[in-house]
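Try each task before reading its solution.

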Amino acid sequence: MEISHGSYNQKKFALPVDSEHKATEFRLFSAAAPHMRAFHLSWISFFACFVSTFAAPPLLPIIRDNLDLTATDIGNAGIAAVSGAVFARIAMGTACDLFGPRLASATLTLLTAPAVYCTSIADSPISFLLVRFFTGFSLATFVSTQFWMSSLFSGRVVGTANGVAGGWGNLGGGATQLIMPLVFDLIQNIGATKFTAWRIAFFIPALFQTLSAYGIFFLGQDLPDGNYSELHKSGEKHKDNFAQVFHHAVTNYRGWILALTYGYCFGVELTIDNIIAQYFYDRFNVNLHTAGIIAASFGLANLFSRPGGGMLSDFMAKRFGMRGRLWTLWVVQTLGGVFCIILGQVGSLGVSVAVMLVFSVFVQAACGLTFGVVPFVSRRSLGIISGMTGGGGNVGAVLTQVIFFRGSRYSTETGLTLMGVMMICCTLLITLIYFPQWGGMFCGPSSKGKTTEEDYYMSEWSSSEREKGFHRASLKFSENSRSERGRKIGSAATPIDGTPNTYV
Amino acid sequence: MAIRAFLFVLSCLAAATCRGATFSSLQQTLIVTASPQPAQVLKAGEDEITVTWSLNSTFPAGVDSSYKTVTIKLCYAPISQKDRGWRKTVDNLVKDKTCQHKIVANKPYIFPSNNTFTSTVLRDVPTATYFIRAYAQNSEGDEVAYGQTTDSHKAVNLFEIQAITGRHVSLDIASICFSAFSIVSLFGFFFLEKRKSKASESK
């Protein structure tokens with residue numbers, strides 16, 4: 001006997017869900033399908049992509065001798081590694097919209113795996129640059145991770161889900177600095193010479209990446225109710241107009257500001273992942289192993305610092321609303337810049353490691369804080385705004401490496417100091433972000449015209465679209481976003497539908 | 001008196017921090033010759049280098065009284081140091097990165113010296129232009145004198161070493177096979193996905 005469509009509401013989920021079947025709780029140690037299983041699959045595959053992208057830096061002291069690289073070649077390859085993902089991240093947002101995060105991320109992960117396998121056969125500066133360039137595309141899986149979490153987790157826990165998934169993925173940049181020298185050592189002990197051992201070592205991240213793609217394809221699910229291909233055919237999912245979504249993303253100046261400032265927290269993190277092992281190896285004369293451990297501890301702080309940033313953002317928002325989020329972001333990122341300046345000045349190994357650790361916490365927390373603001377910039381164009389911000393992170397990495405860490409113009413320590421100065425300057429742009437319904441860093445909410453959250457988010461839909469009812473999800477979101485006013489009395493008028501609220 | 005003691009302590013500290021001394025403080029009392037001809041290309045792991053060193057007799061007798069051991073190293077020529085900060089020449093010998101590959105270490109210094117050493121170029125020596133330098137060390141292992149096959153500008157008598165690639169045919173084949181497998185399995189995914197969605201449509 002046929003079961004009617006109404007049976008969807010009676011489907012049992014392991015976690016409590018809301019009316020959209022998005023999970024309202026985030027249980028870290030569960031792997032229940034579809035929510036927590038998707039979380040674990042997505043952070044593990046993002047982690048694998050990070051491991052592959054930054055697998056070369058800890059082994060550079062060997063690779064630079066094997067391939068006869070100059071400092072300029074190394075700098076160019078480092079820039080290439082992070083530049084591919086600039087546009088890939090924006091394209092990924094669109095791909096997730098059209099095909100679903102499961103297919104999009106599995107496809108990208110499998111397409112970039114050959115680049116990692118072929119790193120083993122690189123034999124010149126150009127081939128080295130090419131393999132790092134194509135491997136770097138895999139960093140676009142950040143967008144599919146955030147998109148997937150936003151599709152499966154409700155607003156109450158989406159910040160935590162996004163922060164943990166993003167942070168634990170970024171862990172790969174630190175873990176690889178430990179894994180690759182260890183694997184290299186192991187292979188050398190088995191009997192291979194230095195110049196062969198590093199090549200064999202690259203099979204490990206490549207295989208890890210391939211396996212994670214398989215896991216996502218076979219075990220993952222796009223939405224609580226099924227995969228995109230099934231839902232599109234059954235008509236349950238409505239496809240938005242790409243041109244409109246794109247238009248509302250690029251005309252929102254806040255997206256551009258956040259893209260640039262993310263370039264100076266996440267971009268700085270990527271730059272450090274590229275240069276820090278060589279820096280400790282060359283400046284303090286530690287061996288490859290030790291340089292790897294020190295470099296790893298920078299990325300490993302992501303275990304708690306990025307999620308912590310996200311949670312701090314939510315905490316400040318409860319009391320001070322969006323203005324609290326903006327202030328905290330500015331303070332934390334500026335302090336990150338200060339510690340970067342200090343890192344470049346310090347000349348002893350122990351103090352340098354300590355400063356680097358403090359610096360890592362601040363810079364990664366700033367990344368988490370940025371994505372506490374991003375979900376509120378636009379509701380309709382959330383995918384592309386996230387992609388733009390993510391892409392901006394990579395642009396920042398490209399810029400800093402081109403200006404400060406390429407060739408022999410600046411010593412690495414001078415480059416670090418100057419990068420810190422640039423961080424502080426670019427972070428000042430956060431002072432320009434202003435939400436009419438909540439205010440900005442220095443100004444309160446707009447008192448003229450009494451702009452509400454509805455006004456802000458409904459401005460993304462034309463009246464004809466509103467007649468068709470496409471804006472309903474944004475309306476729901478505007479109601480929920482009233483929490484961004486903070487605990488003080490809100491300045492806007494009571495909402496249109498007249499629901500009573502605590503501050504009248 | 002106290003000032004003199006203080007200055008003495010200070011100079012001892014300075015000497016201690018400058019362990020290994022500076023290159024400019026070393027005397028060039030050794031004469032070093034090696035088998036590679038100028039501009040010859042040697043293959044790492046295959047070709048041999050023979051180094052011969054002796055004391056320069058123009059120096060007064062007894063200059064080598066503190067020499068106990070000799071270490072011979074392969075050193076980068078300036079052209080191979082360009083744009084490569086990890087091979088930089090600095091005066092402080094502890095921090096100097098010019099000579100990173102040992103041919104022989106701590107061979108006993110025998111007087112009257114006319115010593116020879118032959119070895120195969122190691123397989124982890126990178127492709128670059130080189131000269132050879134011999135350091136004479138005292139009983140603490142600190143350098144006290146040197147000799148090299150090139151002049152003070154490091155411009156003459158340089159030779160090249162061609163490194164191994166580190167690549168093997170088996171590695172190349174494995175890389176290509178795994179890459180091809182990844183792409184093929186991707187198309188397999190698309191095929192499976194299309195089949196699943198068609199099946200759910202026809203239900």
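Contact means heavy atoms within 4.5 Å. This is a predicted model: local features need pLDDT of at least 70, side-chain atom pairs count only at pLDDT 80 or more, and totals for chains, interfaces and linings use all residues. Residues are numbered from 1 along each chain as its sequence is written, chains are lettered from A and ligands numbered from 1 in the order in which they are written, and side-chain values use heavy atoms, without hydrogens and water.

**Exercise 1.** Describe the interface between chain B and chain A.

Step 1: count residues. On chain B, 38 residues are in contact with 44 residues of chain A.

Step 2: find the area. Buried area is the accessible area (1.4 Å probe) that two parts lose on being put together, summed over both. Between chain B and chain A it is about 3,500 Å², and carbon and sulfur atoms give 61% of it. In chain B, the residues that lose the most area to chain A are B:Asp83, B:Trp86 and B:Phe189, together 20% of what that side buries.

**Exercise 2.** Find the salt bridges between chain B and chain A.

Step 1: apply the rule. A salt bridge is a side-chain nitrogen of Lys or Arg within 4 Å of a carboxyl oxygen of Asp or Glu. The count between chain B and chain A is 5.

Step 2: take one pair. B:Arg84 bridges to A:Asp68, with the closest N and O atoms 3.0 Å apart.

Step 3: take another. B:Arg87 forms a salt bridge with A:Asp65, and their closest N and O atoms are 3.0 Å apart. B:Arg87 lies in the loop between helix H2 (78-81) and strand S5 (101-108) of chain B, and A:Asp65 in helix H2 (residues 60-66) of chain A, so the pair joins two chains. Helices (H or I, at least four residues) and strands (E, at least two) are DSSP runs, numbered from the N terminus.

**Exercise 3.** How do helices H12 and H17 of chain A cross?

Step 1: read the geometry. The axes of H12 (residues 253-263) and H17 (residues 382-404) of chain A come within 6 Å and cross at roughly 35 degrees.

Step 2: list the partners. Among them are A:Gly255 and A:Trp256 of H12(A), and A:Ile385 and A:Met388 of H17(A).

Key:
Axes are lines fitted to C-alpha atoms, for helices over the stretch in contact, and angles run from 0 to 180 degrees between N-to-C directions.
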